[in-house]
Each structure stands twice: as structure tokens, then as C-alpha cells.
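I opened my notebook to keep a careful record of what I looked up in this structure, entry by entry.

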Amino acid sequence: MPTVHLLDYVAGNVRSLVNAIRKVGYEVEWIKSPEEIRNAEILILPGVGHFGHCLSQLAAGGFLEPVRKHIESGRPFMGICVGLQALFSGSDEDPKVPGLGLIPMRLRRFDDSNKSVPHIGWNSARSTSQEGSTSTTLYGLRPDSKYYYVHSYAVPYEAGVLEKEGWSVATAMYGEEEFVGAIARGNVFATQFHPEKSGQAGLRTIRAFLTGQKFESFEISPREAEKQDGLTRRVIACLDVRTNDEGDLVVTKGDQYDVREKDGINSGGKIRNLGKPVDMARKYYEQGADEVTFLNITSFRNCPLKDTPMLEILRRTSETVFVPLTIGGGIKDSVDTDGTQVSALDVATMYFKSGADKISIGSDAVIAAEEYYKNGRKLTGKTAIEQISKAYGNQAVVVSVDPKRVYVNGPGDTSHHTIKTAYPNAQGQDTCWYQCTIKGGRESRDLDVRQLVQAVEAMGAGEILLNCIDKDGSNSGFDLELIRDVKAAVKIPVIASSGAGHPVHFEQVFKETPADAALGAGMLLGKVAGGRY
């Protein structure tokens, strides 16, 4: 097979990119030294996380000048996410670190006054040269397709500026801001989005670049011509994974975190088995799930961390599932079976290398938040959230929150933030606060949900997975009051979770709250997701 060279500078999850390249018929070789770039025909620079970290790593490794020479030679070059950003002169994310300077423009942070930042999810990449009923695709990009973005900084689009320099441009809208989604000129192609995480649309783009099919004209239907740009709400498939009584990994589900069958006579109270994790993840991807989340609800204490079964699940899933993968459970400072101390960052790194795009932290985030307030809201730099977000970017860190309602007579009865609810309890109390819990809801803490989400946002979390113990397993719909309250407290995206039992519940949460995404059991997703390609 023909070969593509990838520049290795420790960029988080690149396994999915390797799998995507192989999927379209190419082999991958890694560039591990500057000298090897001269032998690369096709060079791809993947980027995950922080602009300054990426460019500093490239500079320290002596890669910047060889990359410039590769581009100047006319050989194909592709940049992805921070790989696109590296082509510009600099970024406000780290003003002291220069980019390659191929384009004399800077990246700016999204305005978060009326929208969530980071910008996470499926958005457009529409060519600025589109006219009337015909369009010219730029490496397979189509106006009716959506692509997966995850970033806080972008290149603002100024009409005609890049085009005057010979660049072909595709843009996207986030709120009122139009930014560069992809650019191409000569042998150079770069995307702000992740094509390897953009499903069939992304695979089409990778294939077009590798085969040199830069432009292709096609007719635009009236529906496509009128299609609105902008970020779509995400529908996320959640798979709770644990070992069953026979020691096999299965996807399970339960009520109030109880995953055993209720009919003890016929089932023997066994672990509820919904299927095999890898097979189910592929099924939900094919049905149109925007992301897949694995929640490890088994400790796997009896095996070395490097052999944790979830690592193999991620490796196998990333071979056939080309949307973002999140893994939660067990990502904390640990002691391996041989007594070796392993940091949360090291554990997260193992997951990223195995195919995860994001990691989810639960109970440890609550403990970290308690320490944050105890220390006068001072950051230590030592928490798992801070360490992982510094290394891989805040978009790689999700905090899973498990609150429950506590009813009181009025706001004066508690020091915690309260809401007036439309759903009083049996005693008629219509005021409540949301108490945080740990250990799967089994232990309550003297911390409310607003305190928690604001603390972890300050630490560097990029997203909140908002569960609700009162709703878990109820199939009665999401806790809309909770979602609205948390969204009002933070600027980062919030994923609604717990309670979905019918497709209408997804429609309801998106119409009645500003939730950025909604998560549910996979069996629902074929009815509520899909259509993004």
C-alpha cells in the first residue's frame, strides 16, 4: 500500500487518524527525527491540545525547519486542528510562541459571552467560492455535511483576505463568529476540524487529499443551498461497561446504579448483559451517534494498568468507529499491581494512546473541588484535571457530576445555592439544592453542584457530563431545571445525562434548555441521531 508519514510529537490520540488512513487504503509510518522528513512524500501534522505546547515541542525537536522545507518542495502536506493553526504566525493561546508563519495572521479565542467555549461538536465547512446551484468541493468537503471540531481558538474569517493570497477557504459559523474551517493552496491542505473523527464525511476528505482530488464540481439541491451553518447539538451513546459474574466484559444498565436483573428466580440476579462493548459501539456509530462514551464501572484491580481491559476495547473500537470516544472510570493516581505509583496523567495517557479522545473524571473531581475551596480557591497544579488539561488541552477533560436533590423549606435553611422547583416533594417543599455525591452516588458530600462545576472549570475541565441520581434509570426525561441551572453557572459545554427513556426527551432537552449535548443509552439513538453526513 502507498505510505503516509505522520509527525510524532506526542499529540494525544492519533490512533484514530492512523486507523482512518488505513481505512482509505494507505499505510502509515512515523516520523521520529527531523532527518526522516526529507524522505516523506506525504506528510501529515496532527494536532491535539495547546498551540504553545505543540509548537514548542516541534521547535525543541528540530522539526520546524524540515517541515517548512517539505512544504516549499511542493510535496503534499496536511495539518489537522493545531496542525492547521501551526501554519499561521501565532495564537493568542500562547502569544510568546510563534507559528510557522506561512500565513501572516493570528488565532483568536472565541467570544464566550453568549456561547460555550471550547467549541465542541459538529459544524460545517462551507466553501467561500460556492455560487448559485453549483459548488466546487475542496478535498471532498460538502455543504450538506458536518465535521467534528474541538477548539477554543480559531482564525477569524475576513472575506477575500486569504483568497487574495491564493488560498481556497471553507468556513464555519459559531454564534455570530465566522472562522476558518479548512484552507488549501498548492500542495498544502489543513483542517481545523478532525476528519478522522468526522465519520464518513471525514473519511471522504482524507481519501480526497491522499489521492490528490482537490476539486470536484457538483450540483447543490435547494435543501442543501438553504442549509444553515452552525454548531449542531450532539447525541451521545453511553455504554456502561463492567465484568459480569463469569468475568466477561459486557455493556450493562440498571436503575439507581443497580445493574443486576430484578427477576432473581429466573435470572439468579445476574449482571444485566446488553451486549459486547466493541460491537455495540460500532452499531451506535453506524446508527448516527455523534460520540460514544464508555463508562468503566468495574475497577479491574487484579491486572496491571497497562493491561486494563478498557484499553483493548478502545483499541478495537477505534478501528471501526470514527467519531469521538470518551472513557471514564479509574482515571486517578493509582498503584499498579507491582507497587509502582502511577499518576492520573499517566493513566490518561494510556487511554489516549489506545484511542480515547477525552477522559472523564468523577469522584476525584469532587475531592479536588473540596480542596480548592478549602485552600481559598487557589489552584495547586497537582490535581488530575490540571495535569491532564495542561498536557492535552481542556477539551480532553470531561468531569462527570452525580448530584441529587435535597429539599428544604427555603433558601435560608441551607448555605448552598438553591432553586425554586416546579416539582415539590411529598411534603410540599418547593425549594431544593443539588448535593454532589461520589462513589457512584453512594456517598454524599457537603458540596453543591454549582460549587463543583465552577471549581472544575477553573481547574481546566473542558466539559461537564451532568448526571442526576434522582433521574437515573427512571426513563422520565432529563432534569431540565438542573441543566438550566448548571449552564448558567459555567461557560464550558454541558452534556445532559440521566433519565432519557424516549426520543422525545432529547427533543425536549434541546428545545427547553441550552444543553450542548445529550447522552443516553444506545438503544434510543437510532431514533434520534444521524443525518450529519
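Predicted model: local features only at pLDDT ≥ 70, side-chain atom pairs only at ≥ 80, totals over all residues.

**Entry 1**

I began with Arg108, which stands opposite Ala154 in strand 11. Helices (H or I, at least four residues) and strands (E, at least two) are DSSP runs, numbered from the N terminus.

Strand 6 and strand 11 run antiparallel and are joined by two bridges; two strands pair if DSSP finds at least two bridges between them. I read the open sheet of three strands in the order 5-6-11, with mixed pairing. Its edge strands are strand 5 (88-91) and strand 11 (153-154), each of which pairs on one side only.

**Entry 2: the eight-stranded sheet and Cys81**

Next I looked at an open sheet of eight strands, which has the order 2-1-3-4-14-13-12-8 and mixed pairing. Strand 2 (27-31) and strand 8 (126-127) stand at the edges with a single partner strand each, so one side of each has no neighbour in the sheet. Helix 3 (residues 64-72) packs on this sheet, where it touches strand 1 (3-7), strand 3 (43-47), strand 4 and strand 14 (188-191), and its direction makes about 125° with that of strand 4. Angles run from 0 to 180 degrees between N-to-C directions, and axes are lines fitted to C-alpha atoms, for helices over the stretch in contact.

Within strand 4 (residues 77-81) I found Cys81, where UniProt, in an unreviewed entry, places the feature "binding site". UniProt positions are given in the numbering used here, feature names are shortened, and annotations may be inferred rather than shown by experiment. Is Cys81 buried or exposed? Cys81 counts as buried because its relative accessibility is 3%, given that buried means under 20% relative accessible area, exposed over 50% and partly exposed in between (1.4 Å probe, protein chains only). Leaving aside neighbours within four places in sequence, Cys81 is in contact (heavy atoms within 4.5 Å) with Gly47, Val150, Thr191, Gln192, Phe193 and His194.

**Entry 3: strand 10**

Strand 10 pairs with strand 7 in the antiparallel sense over five bridges, and Tyr147 in strand 10 has Asn123 opposite.

**Entry 4: backbone angles**

I wrote down first that most residues other than glycine have a negative phi, and most peptide bonds are trans. Val117 and Pro118 are joined by a cis peptide bond, with omega about 15°, and Pro118 is found in the loop between strand 6 (103-109) and strand 7 (119-123).

Arg377 is not a glycine, yet has a positive phi of about 60°; this residue is found in the loop between helix 12 (363-374) and helix 13 (384-392), and is exposed, with a relative accessible area of 54%. Ser498 also has a positive phi, near 80°, and lies in the loop between strand 29 (494-496) and helix 16 (503-512), but Ser498 is buried, with a relative accessible area of 7%.

**Entry 5: the chain as a whole**

Finally I noted that the protein chain has 17 helices and 30 strands, and that buried residues make up 57% of its 533 residues.

Methods. Residues numbered from 1 in each chain as written. Heavy atoms only, no water.
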